[in-house]
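Open the structure in your viewer and keep the selection tool at hand. The stops below go from one residue or group to the next.

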Amino acid sequence: MQKKHLVISHIAIYKPQNKYMINILYRQTALLQSPLASGDIPAYYTIDVQVTWRIPEIKAQVKMGATNLLNRRYFQYAEDPEIGGLYYLAFTYDLKL
């Protein structure tokens, strides 16, 4: 199988305390042929975003983001389940022992 894809845009903004990132990915229609399954995979695009806030006073950071922000369901391989959006929120703390 030959995968074709084109990254249309990657934007990252870094500030001393924060980081903002946006990725837009477009994948062209592809024909998948393998022993397990064969078929056309329709074209799709995804938008991924992530924001990170650093809190240096307590040596921590908060990260919030989404993969496939618009929850546009798509297939990566023939006969695979559809992939939807993934949303997350994380808090990390730097514990120095």
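Which side chain of opposite charge is nearest to Lys 19, and how far away is it? Select Lys 19 and Asp 48: Asp 48 is the nearest such side chain, at 14 Å. In this count Lys and Arg are positive and Asp and Glu negative, while His and the chain ends are not counted. Lys 19 is buried yet has no salt bridge. Buried means under 20% relative accessible area, exposed over 50%, and partly exposed in between, with a 1.4 Å probe and protein chains only. A salt bridge is a side-chain nitrogen of Lys or Arg within 4 Å of a carboxyl oxygen of Asp or Glu.

Before going on, note that this is a predicted model, in which local features need pLDDT of at least 70 and side-chain atom pairs count only at pLDDT 80 or more, while totals for chains, interfaces and linings use all residues. Residues are numbered from 1 along each chain as its sequence is written, and side-chain values use heavy atoms, with hydrogens and water left out.

Not counting residues up to four places away in sequence, Lys 19 touches Ile 13, Tyr 14, Gln 50, Val 51 and Thr 52. A contact means heavy atoms within 4.5 Å.

Now colour by secondary structure. The protein chain has zero helices and seven strands, in the order β-β-β-β-β-β-β along the sequence. Helices (H or I, at least four residues) and strands (E, at least two) are DSSP runs numbered from the N terminus. Of the 97 residues, 22% count as buried.

Next, select Gly 65 in strand E6. Gly 65 is buried, with a relative accessible area of 10%. Leaving aside neighbours within four places in sequence, Gly 65 is in contact with Val 49, Gln 50, Leu 86, Tyr 87 and Tyr 88.

Move on to the loop between E6 and E7, where Asn 68 lies. Asn 68 is buried at a relative accessible area of 2%, and its phi is near 60 degrees, a positive value in a residue other than glycine. Lys 59, in the loop between strand E5 (44-55) and strand E6 (60-67), also has a positive phi, near 55 degrees.

Then find the one aromatic pair of the structure. The ring centres of Tyr 44 and Tyr 74 are 4.0 Å apart and the planes are at 15 degrees, so the pair is stacked. Rings of Phe, Tyr and Trp (its six-membered ring) pair if their centres lie within 6.5 Å; planes under 30 degrees apart count as stacked, over 60 as edge-to-face and the rest as tilted. Tyr 44 is in strand E5 and Tyr 74 in the loop between E6 and E7, so the pair ties together parts 30 residues apart in sequence. Tyr 44 is buried at 8% relative accessible area, and Tyr 74 counts as buried at 11%.

Select Ile 11, Ile 13, Tyr 20, Ile 22, Trp 53, Met 64 and Leu 89, which make a nonpolar patch of about 630 Å². Strand E1 (5-14) and strand E2 (18-27) each supply at least two of its residues. Leu 89, in strand E7 (residues 86-93), is exposed, with a relative accessible area of 65%.

Note on methods. Patches are made of residues with over 30% relative accessible area and no salt bridge: like charges are joined within 9 Å, nonpolar side chains (Val, Leu, Ile, Met, Phe, Trp, Tyr) within 5 Å. Accessible areas come from the Shrake-Rupley method with a 1.4 Å probe; for residues, only the protein chains shown count as cover.
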